[in-house]
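Reader: I'm new to this one. Can you put it up and walk me through a few spots?

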Amino acid sequence: MADVLVVDDSNVMRDMIVACLRSLPNLAFTHATTGLEAIERLSLKKFDLVVLDLNMPDVGGIEVVEFVRAQDQLRALPIVIVTTRGDESSRTRALDAGADRFMTKPFTPDAIVAEVQALLASGRPTT
Amino acid sequence: MSDPVDLREFVSAFVTEAAEHLEVANSKLLLIESAARGGQPMLRHVRDVFRALHTIKGLAAMVGVESIVTISHRMEAILRTADQASTALSLDTIDALLEGTRAIEVRVKQLADGLPVGEPPASLVLRLDTLDAEPEAATRAITRATRLDPAIAQKLSAAEHEHLATASAAGQRAYRADFFPSPARAEQGFSINRVRERVSAIGELVKVLPLSVPATEHAPGGLAFVILVVTSALPAQLAAAVGIDADAVIALDAEVKPEVAAESDAVEDELIVNEPARRGIVRVDVSRLDEAMDRLSSLVVSRFRLSREAVRLAERGVDVRTLQTLLAEHSRQLRDLRAAILKVRMVPIAEVLDRVPMIVRSLRRSTGKSVRLEIDGGHTELDKAVAERLFPAIVHLVRNAVDHAIETPDERARRGKPEEGLVRVTCTEHSNARLVLSVSDDGRGIDRETVARRAEVEVPATDAELLDLLCRPGLSTRDEVSTVSGRGMGLDIIRRVAVEQLGGELAVSSVWRVGTTFTMTVPLTVSIVDAFTFECAGQRFVVPVAIVDEIVEVDEGVATRLAGSKGNVRVFFRRGESIPLLPLEEVLGLGVERVGARKAIVVRRAGEPIAFAVDRMLGQQEVVVRPLEDPLVQVPGITGATDLGDGQPTLVVDLVALGGVVRMVRGAAA
């Protein structure tokens, strides 16, 4: 069983992401509605993958990635950015900060399933 | 690989969430606009508007509504530039952005109604595209709060620094409070989201930053959240909200300088935007509540059947006392459940009134009048159905007040009034059951003599007579009357909403040259029932679905006339039961009996079937039942009246009570 943290301030968007990923076996989903909550949850429990929005109050997705990558125990946590901000500078900033994948909305269900599957299968150590 | 997921299934969820974000965007844009008039940039609200539009854009892209993506994308670009450069938005830009939110609103509505979604208006797109980068760059010196850790200070934007530094000018103070998350604290309700909500409730949250700290017992996650807040609350209150000791709260500004009046407060006061507390709120589509109510109705019907069976058992000599107790208990539970569902339908009045500032704003622009709006909504809650019917009436009254009652600035000056007119909307709750909503203005008042002359009647002596006169459709639709009299059109429609649809009252009081107040008193809830509509003797009636056993086709020629009966009681047989059949028009004294194929509505009174013959079934719909309170029109078998949407009152018949009439007839016949 892999634990996936889905971070987006839009309820509908989180539901859509979970609906897309539900077809993959053995995934358990936890929701976080803000970047702050994501950091809080990641500091208290081990997750196997994070699906992260960029645009959120107080602490945006890129700041979450920066914070996560600065923590020894979270350095290898797979992170998929899912954002409407499809511009090249956002992509560069997110990947530079340490995100593993960068997807722009709108995405197709198959696309996100493929990315998540690939990341989980790459078997990166998450501890 | 996977089951296909159709993201279009999320359209209705999108509609609900988009409406929420649009509400945020509109109310923040209005705040920014009033602040901009006072020369204040209100940068912190710009980001909220940006985020709202950004979310709308993303969702619209996922559900494939390109025109909303196009509009929100352009608006978002303008807002991002302003946010990043810390520049103030010009009034023209704010106006264009408000035009944008309106255009999105229209398209969301089209989507909700299942209509084709319109292309983005070319003029709007052009306007948004050609808005220059704001001319005024932020050249103002940014004051920095001194007592801030440099590591934290460097993570704040210019607007955030300014917010902290200017706290004392607004009579508030800036504080830092650190929150250390842990599973134990989460269990006590101290998670970062909850802490954030609680702090927002007592002050303005400037920023929350994560900070790595050595993992200790106190900070098991090796994490602290640094909360920066501007508030007039005491450090102890802030500490309680964060769940820490009061001495752990650090003041960031040393001295409080009270000499500058709180200009921003004055500006914000103009639009009392009661932000509804969003804590723990679930938004659901009203149709889901209606569905719950429907399910409950069928539960009530099957309970009817259950008690009928209990009666039959008792007739066969079975001891049903325990069963009866259980049934009585069950009834109570059903009533409680019904009350609980009705409670879920309640919405805060603020949700209705939040949209009024937008209307006044656009009226200000279209009429060129200077008008101040005061809203005192209180915390009353009312049924969604009432709120939906009330809103157009409020809009009408406010529009009339600005359009027709408030004089031009010149005229006001001549009359010795302040140039700025005042429109006030107030709501109070009366003995937990009625909402008293008034819209008043300090405009020209209603000239009774002119109104009377136009209507060719005597000058009304009382306010009630004046209202009757104003509600005459012929009078109120003539625009020149409205400008002279100070009243616009459509009062008859407002009265119909208040009185006929909601079972309330409309009153007016007006003093020539001083002002006018319209007061609507409506129930907080209405009883809404699912009902069959039918026609009998040329009139329409409704009957609640819950009391109808079945509807059958009968040929009265075939039904046997009940031997010895004086009236027209016939009997027909169905599933081995003999059912008395009564022409409804005869019971109600509406005229002669028709013979031939008709519909019969079968109800049960104390388990006994009774059928009423009617001419035609028209359909099934939800109706708002207004009880007939006037003792003169209280008739057994008529529970109330409803408006099916055509303005004509339609009677709600209680066929079960009418069955009593049949009983008497049968008794006489036996």
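Reader: Start with Asn26(A). Buried or exposed?
Author: Asn26(A) is exposed, because its relative accessible area is 54%. Exposed means over 50% relative accessible area, buried under 20%, and partly exposed in between, with a 1.4 Å probe and protein chains only.

Reader: Before we go on, what am I looking at?
Author: This is a predicted model: local features need pLDDT of at least 70, side-chain atom pairs count only at pLDDT 80 or more, and totals for chains, interfaces and linings use all residues. Residues are numbered from 1 along each chain as its sequence is written, chains are lettered from A and ligands numbered from 1 in the order in which they are written, and side-chain values use heavy atoms, with hydrogens and water left out.

Reader: OK. Where does Asn26(A) lie?
Author: In the loop between helix H1 (11-21) and strand S2 (27-32) of chain A. Helices (H or I, at least four residues) and strands (E, at least two) are DSSP runs, numbered from the N terminus. Asn26(A) is not a glycine, yet has a positive phi of about 60°.

Reader: Which peptide bond is cis, then?
Author: The one joining Lys105(A) and Pro106(A) is cis, with omega about 0°. Pro106(A) sits in the loop between strand S5 (101-104) and helix H5 (109-121) of chain A.

Reader: And what about Glu456(B)?
Author: Glu456(B) also has a positive phi of about 60° and is not a glycine. Its loop runs between helix H18 (448-455) and helix H19 (463-470) of chain B. Glu456(B) is exposed, at 72% relative accessible area.

Reader: Back to chain A. How many helices and strands?
Author: Five helices and five strands. Along the sequence the pattern reads β-α-β-α-β-α-β-α-β-α. Of the 127 residues in chain A, 60% are buried.

Reader: New topic. How many aromatic pairs are there?
Author: Two over all chains. Rings of Phe, Tyr and Trp (its six-membered ring) pair if their centres lie within 6.5 Å; planes under 30 degrees apart count as stacked, over 60 as edge-to-face and the rest as tilted. Phe179(B) and Phe225(B) are stacked, because their ring centres are 6.5 Å apart and their planes are at 15°.

Reader: What does that pair tie together?
Author: Phe179(B) is in strand S1 (residues 173-179) and Phe225(B) in strand S3 (residues 223-231) of chain B, so the pair links parts 46 residues apart in sequence. Phe179(B) is buried at 1% relative accessible area, and Phe225(B) is buried at 0%.

Reader: And the other pair?
Author: Phe534(B) and Phe541(B) are stacked too, with 5.7 Å centre to centre and 25° between the planes. Both are buried.

Reader: Which ring does Arg198(B) lie over?
Author: Arg198(B) lies over the face of Phe190(B), 4.5 Å from the ring centre. A charge sits over a ring if NZ of Lys or CZ of Arg is within 6 Å of the ring centre and within 35 degrees of the ring normal. Arg355(B) lies over the face of Phe391(B), at 4.0 Å from the ring centre.

Reader: Good. That covers my list.
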